[in-house]
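Okay, thanks for having me on the agenda today. Let me put the structure up, and then I'll walk you through a few spots.

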Amino acid sequence: MPDAALNEQIRRIAADHAGQPGGVLPALHAVQARLGHVPAEATAILAELFNLSRAEIHGVVGFYHDFRRTPPGRHVVKLCRAEACQSMGARGLEAHAKATTGIGFGATTDDGALTLEAVYCLGACAAAPAVMVDGEPVGRVDAARFDRIVAELRRTR
Ligand code: FES
């Protein structure tokens, strides 16, 4: 997308929240929901709309793990790192996921199929360890199940 068109799109998305107190977070979420990530161009645009410094916007984006700075892969798998899942083997699952995909949290595989992200409780603690696959929670995920999930995702566009 040309810069001017992208800038205009970001401005339109964010402008809906510009008059709201605390509107920066909803604006950033709206940008990511529409574009899949928060492009670098959003920093200056939101700073202007919300009368904040670029550093303040940059700080908000950096503080929240939910915000992506680059476009995600075709599929996004989020691994829960919170306590209940950790007590049920999430650390081992995380190590397995990183080793077998070859990527860390926040990264995307070279084929563009998969982005791995961390999340802190999916509300599925009773089914720990839990992951979220393209927005759908999946419980009791061990290494073998993770491999099956990834194999299936790689087969689907
Ligand atoms: S701690 Fe993982 S789903 Fe709640």
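Let's start with a quick one: in which loop does Asn51 lie? Asn51 is in the loop between α3 (41-50) and α4. One thing to keep in mind throughout is that this is a predicted model.

You'll find Arg140 in the loop between β5 (136-138) and α7 (143-155). Arg140 is exposed too, at 56% relative accessibility.

Pro129 sits in the loop between β3 and β4 (131-133).

Okay, zooming out. The chain splits into domain 1, residues 3-63, and domain 2, residues 75-155. Between the C-alpha centres of domain 1 and domain 2 you have 28 Å.

Now the aromatics. How many aromatic pairs does the structure hold? Two. Phe63 and Tyr64 make an edge-to-face pair, 5.0 Å centre to centre with 85° between the planes. Tyr64 also pairs with Phe67, again edge-to-face, at 6.2 Å centre to centre and 80° between the planes. Put together, Phe63, Tyr64 and Phe67 form one aromatic cluster.

Phe63 is exposed, at 61% relative accessibility. Tyr64 is partly exposed at 36%. And Phe67? Buried or exposed? Phe67 has a relative accessible area of 6%, which is under the 20% cut-off, so Phe67 is buried.

Phe67 brings us to the largest pocket. That pocket has 18 lining residues, and those nearest its centre are His65, Phe67, Phe105, Gly106 and Glu117. The space in there is about 270 Å³. Which elements supply at least two lining residues each? Those are α4 (54-63), β2 (107-108) and β3 (114-119). β3 gives the most, with three residues. By class, the lining has nine nonpolar, six polar and three charged residues.

That's my tour, so over to you for questions.

Key: Residues numbered from 1 in each chain as written. Predicted model: local features only at pLDDT ≥ 70, side-chain atom pairs only at ≥ 80, totals over all residues. Heavy atoms only, no water. 1 Å grid on protein atoms, 1.4 Å probe; cavity = no way out; pocket = protein on both sides within 12 Å on 5 of 7 lines; lining within 4 Å. Points joined across faces, edges and corners; volume = space filled by probe spheres on them. Helix = DSSP H or I, 4+ residues; strand = E, 2+ residues; numbered from the N terminus. Nonpolar A, V, L, I, M, F, W, Y, C, P; charged D, E, K, R; others polar. Domains from an automatic or database assignment. Phe/Tyr/Trp six-rings, centres within 6.5 Å; stacked < 30°, edge-to-face > 60°. Buried < 20%, exposed > 50% of the residue type's maximum accessible area, 1.4 Å probe, protein only.
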